Amino acid sequence: MNNMTFPNYVAARTLALLDQKKARLDPMQTSFYVWQRPDRIVVVFDPTTIDIGKVNADFAHRLSTQLQGRRVVRTNSRGLFLQVGYEIPPALVELTSMPLDLSKQPTPYHIPIGATAAGRDLWVSILEGDSFLVAGSRSMGKTGCLHSMIQALQHGGQVEVYAFDGKDGVEFARYIGQPKFHYVTSLKQTLDELKAIANERRKALLASGQPNILKYNETHPDEPLLPIVLIVDEAALTSDDEKAGLVEIVERERATGFYPILATNRPEQSALLVKSNLVTRICFPVPSFHASQMVLGQNGAESLPKVQGRGLIVFKARVMEFQTFRVTYPPTSEDTVRMVLSYHEQAIEQVPTVADEITQLAESIREKWDPTMSKRAVGRMIGQTYAGAWARKIDQILDYLAATTATATTAFDQNSPQKGFFEAVAE
Ligand SMILES: Nc1ncnc2c1ncn2[C@@H]1O[C@H](COP(=O)(O)OP(=O)(O)O)[C@@H](O)[C@H]1O
Ligand SMILES: [Mg+2]
């Protein structure tokens with residue numbers, strides 16, 4: 001900063017960033033004003049001389065980084081403003097990924113979200129969060145986030161967890177054998193079981209005169225009805241039947257103690273689920289503001305830095321940026337692997353469904369497929385054109401292939417700041 005005053009420094013950095021992003025429409029005109037307030041500096045942009053779309057969350061993020069991590073908040077109620085704090089926040093200069101520390105779990109019902117820009121750990125109680133949608137582009141950290149949730153609920157030990165990974169056990173089978181953990185092999189079957197449990201619970205509630213399990217547990221401390229968290233990863237790959245079953249749980253089973261957490265990288269294809277009343281929304285980077293709108297009900301996730309584990313959460317009408325905690329993935333035992341595989345061999349012999357058709361087509365080209373192939377090329381491989389109903393099926397095939405292909409695990413290494421791959425995605 002040398003001889004510059006802080007407001008001048010903010011102005012210089014803002015101008016440099018505008019030029020870097022080629023956001024000034026007319027370099028001869030004033031693009032913004034810097035207004036010094038007692039508690040903060042406000043940068044007021046002139047929307048007639050700049051491309052305001054380029055002064056996005058990423059812009060604010062970069063400016064914040066250049067200002068040693070001072071808070072930069074975008075507001076665009078009437079015109080576009082950036083509010084810049086004077087203080088350098090104590091802890092995180094940039095959002096870095098911290099290891100998950102289960103000893104910080106506030107109650108057995110809290111699930112970890114991540115570290116926030118204010119340097120605080122964000123945990124949300126399932127009782128308050130109620131029902132969760134987790135969305136974001138492929139390999140941006142959804143499943144990792146679900147792992148951290150499972151591990152926390154396991155640590156708390158007061159919640160029954162049912163988990164479906166949509167990947168034949170690759171993700172969640174490793175928790176088989178842990179108390180109160182139910183690995184889901186057939187989502188359809190589990191949904192039927194859960195429906196039966198819900199009906200039993202409804203009877204118990206009616207008989208006791210209590211409106212929900214929480215009240216019920218106050219009067220029945222010896223035989224509490226534990227909250228049931230149902231985690232469904234790859235929710236877009238489930239059948240229409242299963243989606244309908246999930247919606248029913250989201251919409252009907254609050255009182256009986258069900259807390260769904262649904263994850264998808266295709267919010268558009270799970271519109272049914274997205275439109276149901278999932279209260280808490282978590283979104284990792286997505287390609288378009290349409291996707292962000294769909295998931296969060298507002299823009300923002302499209303301009304998150306394309307860093308794995310970076311996300312926005314909308315919870316109780318507040319939106320917060322976070323970086324997920326790093327988790328370690330416990331190894332799956334050999335017995336479990338054998339058990340899960342034999343289940344799937346049996347399942348394949350059963351009646352083929354639409355999902356099986358996708359699976360079979362996908363498996364038939366797996367050897368020849370690689371992730372850089374275009375959708376058209378994939379269409380040609382299975383002898384179809386990428387159009388109409390086949391376009392949808394080919395999308396599903398690609399999702400399946402991507403979801404069941406192992407991803408590199410090095411991206412979370414803090415010492416390799418993920419430049420190559422994620423920056424490439426960003427551009
Ligand atoms: N919280 C995390 N802790 C540790 N590694 C993670 C975490 N989140 C993601 N990863 C790593 O990144 C890879 C891709 O992330 P993942 O969560 O599987 O993406 P997706 O959004 O497609 O579910 C994972 O295989 C894992 O190696
Ligand atoms: Mg995933």
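The largest nonpolar core has 33 residues, and Phe172, Ile231, Ile261, Ile282 and Ile313 touch the most other members. A nonpolar core here means buried Ala, Val, Leu, Ile, Met, Phe, Trp, Tyr and Cys residues joined through side-chain atoms within 4.5 Å. Buried is under 20% relative accessible area, exposed is over 50%, and partly exposed is in between, with a 1.4 Å probe and protein chains only. Helix α4, residues 142-156, gives the most to this core: 5 residues. A second, separate core has 31 residues, including Tyr162, Phe164, Cys283 and Val314.

Ground rules, quickly. This is a predicted model, where local features need pLDDT of at least 70, side-chain atom pairs count only at pLDDT 80 or more, and totals for chains, interfaces and linings use all residues. Residues are numbered from 1 along each chain as its sequence is written, chains are lettered from A and ligands numbered from 1 in the order in which they are written, and side-chain values use heavy atoms, with hydrogens and water left out.

Helices (H or I, at least four residues) and strands (E, at least two) are DSSP runs, numbered from the N terminus.

Now Ile282. What does Ile282 touch, leaving out residues up to four places away in sequence? Among them are Ile113, Phe132, Leu133, Met149, Val295, Ile313 and Phe322. Contact means heavy atoms within 4.5 Å.

Ile282 sits in strand β12, residues 280-283. Both faces of β12 are covered. Thr280 and Ile282 are buried on one side, Arg281 and Cys283 on the other. In general, side chains of a regular strand alternate between the two faces of the sheet.

Next, the partners of β12. Strands pair if DSSP finds at least two bridges between them. Strand β7, residues 132-135, runs parallel to β12, joined by 4 bridges. Leu133 stands opposite Arg281 there. Strand β13, residues 310-315, runs antiparallel to β12, with 3 bridges. In that pairing, Ile282 faces Ile313.

On to another sheet. An open sheet of 4 strands has the order β1-β2-β4-β3, with antiparallel pairing. Why is one side of β1 and of β3 left without a neighbour in the sheet? Both stand at the edges, each with a single partner strand, so one side of each has no neighbour there. Neighbouring strands of this sheet are turned by 20° against each other on average, direction ignored. Strands β2 (40-45) and β4 (81-85) share 5 bridges. Val43 stands opposite Leu82 in that pair. Helix α2 packs on the sheet, touching β2, β3 and β4, and its direction makes about 155° with that of β3. For these angles, axes are lines fitted to C-alpha atoms, for helices over the stretch in contact, and angles run from 0 to 180 degrees between N-to-C directions.

Last, the rings. The whole structure has 6 aromatic pairs. Phe32 and Phe45 form a tilted one: 5.8 Å centre to centre, 50° between the planes. Rings of Phe, Tyr and Trp (its six-membered ring) pair if their centres lie within 6.5 Å; planes under 30 degrees apart count as stacked, over 60 as edge-to-face, the rest as tilted. Phe32 lies in strand β1 and Phe45 in strand β2, 13 residues apart. Phe32 counts as buried because its relative accessibility is 12%. Phe45 is buried too, at 4%. Ring pairs link Phe32, Phe45 and Phe59 into a cluster.
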